[in-house]
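Please open the structure in your viewer and keep the selection panel at hand.

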Amino acid sequence: MSNRGVRNLFIFGSLFFFVIFIGLTVDTMKKLDKRAPEITEEVDQGKKLWHKYDCIGCHTILGNGSYFAPDLTKITVNKPEGYLEKFLVNPRKVKPSAAMPVLGISPEEAKKIIAFLKWISKVDTNGWPPKPVLATYRMPRSPGVTVFQKYGCTACHMINGVGGTSGPDLTHVASRKPDRQWHIKHIRDPQSVVPDSAMPGFPQMSEQELNQLVDYLLTLK
Amino acid sequence: MKYKSQKIAEYFYTFAVLLFLVQVVVGIIAALQFIWPDFFPLKFNIIRDLHINALVVWLLMGLMGATYFVVPEEAQSELWSLPLAYFQFWATVVTVTLVVLGYIWMGFNPHANKFVFGTLLLNEGREYIEAPRWADILIVVSVLLFLLNNFMTMYKSKRWTGIQGTLLGGLTFLALMYLPGMFYTKSMVKDQFWWWWVVHLWVEGAWEVIAGALLAFMLLKVTNAPRHVLERWMYIEVALVLFTGILGTGHHYYWIGTPKYWLWIGGIFSSLEPVPLLVMVWDAFRTTRVHRVVTNRLGLFYAVAHAVFNFVGAGLWGVIHTVPMANKWTHGTQITTAHGHLAFYGAYVLLVISMIYITLPLIRERTDFRTSRGYTSFWVMTISMIFIVLSLTGAGMVQTYMERLVGLDYVTVKANYNLVFWIVRAISGVGFLVGVLIFVVDYFKLGHEPAEVGAKSNVSVTTHAA
Ligand code: HEM
Ligand code: HEM
Ligand SMILES: [Fe+2]
């Protein structure tokens, strides 16, 4: 082929692929709104705050951004809202080891950001992030462990190296807090024993579940 | 230097080289913040914004400088308007400086980043395109003036060559692809959809087209290879870049809320993206082997290294995580960072440096210059970069395994299991800085000191047949 021939192949071939790409873009744009919940005023304000505080400078969202801090796509599914609200305002007050700085986010702003993050968590992402397939570590089976998992305590607390880091590690909690009554009060209403705790209370837990859970916690010495 | 106006290239190069230094210094600060988050007064996000913006801006400045050299050379005439080029240069320097000051101000006072007329004043909070809207507009004006100047030069001289046509075509595509990042969307999904038009269609579209054109130009300048052969391969390369790269954008549309068909489209087309990069490697080696008259061995060395590391960093380190089955697990991990570093280094850092080593001696009118520092800085930078990339790849593998497969907490993996990789990365970063410093010294001294003589001469004419 002459140089002119390859040049034309380059120009028209590229235009051809670009036209297909635009066609797919139009189709995608039509489908996007059905794959995500409606965007309320509050969600939009939350998104604007997300940009204002340059959250993407440390975090990823939908897997894109910076890799300095956790992905926030499913954060509202994994962490209780009350905790997140307090965390955004002053991270180290609720989690002393947090690397996140105080950005000056007000409590009202925190609510809006959380509304935005809740919206994100409901976007249909074709199954991303995937469930960990090798989560092999089994906790000892007991009714208390079942309750611990049922109420999602692992999202924030770690036991024997498994679980979140938002709350304190509970591997040896019974050595620190051996008092049964303290635990019962704390789980029902954390602020009643730890005034500015960021942990949510669990008033919805049945009496039996609560007892089983505390039995289990007291074994963690 | 054949045309006086080509001198403007040196202004752009100097600014580029200084920003490169800034980029790497803040990169080391960012790397240390992985180990001690609080050790520096500016927080990680601001440091990272500076790191990646300095990168993009210095590469663009380098490419603009290169273009201001190439276009008069190819058109065989002075630039259409030298004063306009000077104006464009200084206007860009002022804009960039204001944006940087804005980031730093915001670093000390996040509330200074206010909404004014519906857009953020200091930082848009979108990765790579953090620059606020007013700066976007100034940048677009600057790029339009730049394109105008070069197109007019070409138009007036009536000498259209394939190289400059492709170069300006790539630059026009680059300018157009800045626009999809300049409007607000309420949906984060759409936000990221358009954002990838800018980011992906830049580095895997427009910039690779520019790289193809500049590779042909460099081989033309330093060897005695005939133009029509170089231009033919250039067209093949840039055609394959766009045939695979445009639909390859789909590899960013797997998990952001976009329809499932992108898994197929993105997976197939992006897997083919390494092909043109491999053709470029082959092109560079073939030309070097067949045409033994080399007027600038150091320049040719860098050009070939650029082709090789473009293929390794963008092609190989890209393709390992580009199919949906792999990307599902690695998406947004340190694997991405490893790839980002080697791809930008191989494809564009080495491209701009090789253009500097090929055109700067001509600008300073010293073709036989002292080259030893140029080789040393190459090896120091490249070996350090390889260590950075290996440590990040290690961190990414551990992170993918521990966090994505086993389900451990992100923070736990980062703070415990990956700590050793952060340390290796930071140390290698200092090594990289040493390489950059050697390069910067060489940049300022090039041509102002006597060349080595004899076997080390930069000009070589080997007569035996290939
Ligand atoms: C010179 C060309 C290239 C450069 C400079 C480059 C650079 C980058 C950068 C910086 C990112 C991260 C973006 C972010 O911060 O979110 C990225 C992501 C990615 N790149 Fe490239 N890239 C290039 C070519 C390629 C090629 C040829 C392929 C495929 C064969 C590829 C595959 C990918 C994939 C799959 C991702 C997404 C990673 C994830 O899911 O987290 N890249 N690239
Ligand atoms: C001294 C050398 C360097 C060090 C220590 C360094 C360090 C860093 C750090 C800590 C980050 C943030 C990563 C994260 O969010 O997890 C980063 C991001 C980035 N750096 Fe560098 N860097 C260096 C040199 C370079 C060079 C030479 C390039 C270009 C070739 C580059 C391109 C990038 C890019 C594109 C990103 C953002 C995307 C990504 O994380 O993949 N860096 N760098
Ligand atoms: Fe891409």
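**First stop: the iron atom of ligand 1.** Select the iron atom of ligand 1 and display the protein atoms that coordinate it. The only protein donor is B:H339, which uses its NE2 atom at 2.0 Å. This histidine is found in helix α12 of chain B. Please bear in mind throughout that the model is predicted.

**Second stop: the iron ion.** From the iron atom of ligand 1, move to the iron ion (ligand 3); 4.3 Å separate the two. Which residues coordinate the iron ion (ligand 3)? Select B:H200 (ND1), B:E204 (OE), B:H251 (NE2) and B:H252 (NE2), which coordinate the ion at 2.1 to 2.2 Å. The angles subtended by these 4 donor atoms run from 81 to 149°, which makes the arrangement irregular. Along the chain, the donors follow the spacing H-x3-E-x46-H-H. B:H200 lies in helix α6 (residues 188-222) of chain B, whereas B:H251 lies in the loop between α7 (227-248) and α8 (261-272) of chain B, so the pair ties together parts that are 51 residues apart in sequence. Colour B:H200 and B:H251 by accessibility: both are buried.

Now select the iron atom of ligand 2. Its protein donors are the NE2 atoms of B:H51 and B:H341, at 2.0 to 2.1 Å. What geometry does the site of the iron atom of ligand 2 have? It is octahedral, with angles of 86 to 180° among the 6 donor atoms. Display the helices next: B:H51 lies in helix α2 (residues 44-75) of chain B and B:H341 in helix α12 (residues 334-363) of chain B, so the pair ties together parts that are 290 residues apart in sequence. Is B:H51 buried or exposed? B:H51 has a relative accessible area of 16% and is therefore buried, the limit being under 20%. B:H341, by contrast, has a relative accessible area of 25% and is partly exposed.

**Fourth stop: the contact of the two chains.** Colour chain A and chain B separately and select the residues at their contact. Chain A contributes 72 residues and chain B contributes 83 residues. Between them, the two chains bury about 6,800 Å², of which 67% is on carbon and sulfur atoms. Highlight A:F21, A:Y67 and A:F68: they supply 12% of the area that chain A buries against chain B, more than any other three residues.

Turn next to the polar groups. There are 32 residue pairs in polar contact between chain A and chain B, and 3 salt bridges are found across the interface. For a salt bridge, select B:K190 and A:D33, whose side chains meet at 3.3 Å, N to O. Then show the elements of chain A that give two or more residues to the side touching chain B: α1 (3-32), α2 (41-52), β1 (60-61), β2 (64-65) and α6 (107-121). The largest share of that side, 19 residues, comes from α1(A).

**Last stop: a glycine of chain A.** Select A:G164, in the loop between β4 (162-163) and α8 (173-176) of chain A. A:G164 is buried, with a relative accessible area of 3%. Which residues does A:G164 touch, leaving aside those up to four places away in sequence? They are A:T154, A:A155, A:C156, A:H157, A:M158 and, from the other chain, B:D409. Finally, draw a distance from A:G164 to A:K79: these residues are 85 residues apart in sequence and 9.4 Å apart in space, C-alpha to C-alpha.

Definitions and conventions
Residues numbered from 1 in each chain as written. Chains lettered and ligands numbered in written order. Predicted model: local features only at pLDDT ≥ 70, side-chain atom pairs only at ≥ 80, totals over all residues. Heavy atoms only, no water. Donors = N, O, S within 2.8 Å, 3.2 Å for Na, K, Ca; no water. Tetrahedral: all angles 85-135°; square planar, octahedral: opposite > 155°, others 65-115°. Helix = DSSP H or I, 4+ residues; strand = E, 2+ residues; numbered from the N terminus. Buried < 20%, exposed > 50% of the residue type's maximum accessible area, 1.4 Å probe, protein only. Contact = heavy atoms within 4.5 Å. Buried area = accessible area lost by both parts, 1.4 Å probe. Salt bridge = Lys/Arg side-chain N within 4 Å of Asp/Glu carboxyl O. Polar contact = N/O pair within 3.5 Å; in protein donor to acceptor, adjacent residues only side chain to side chain.
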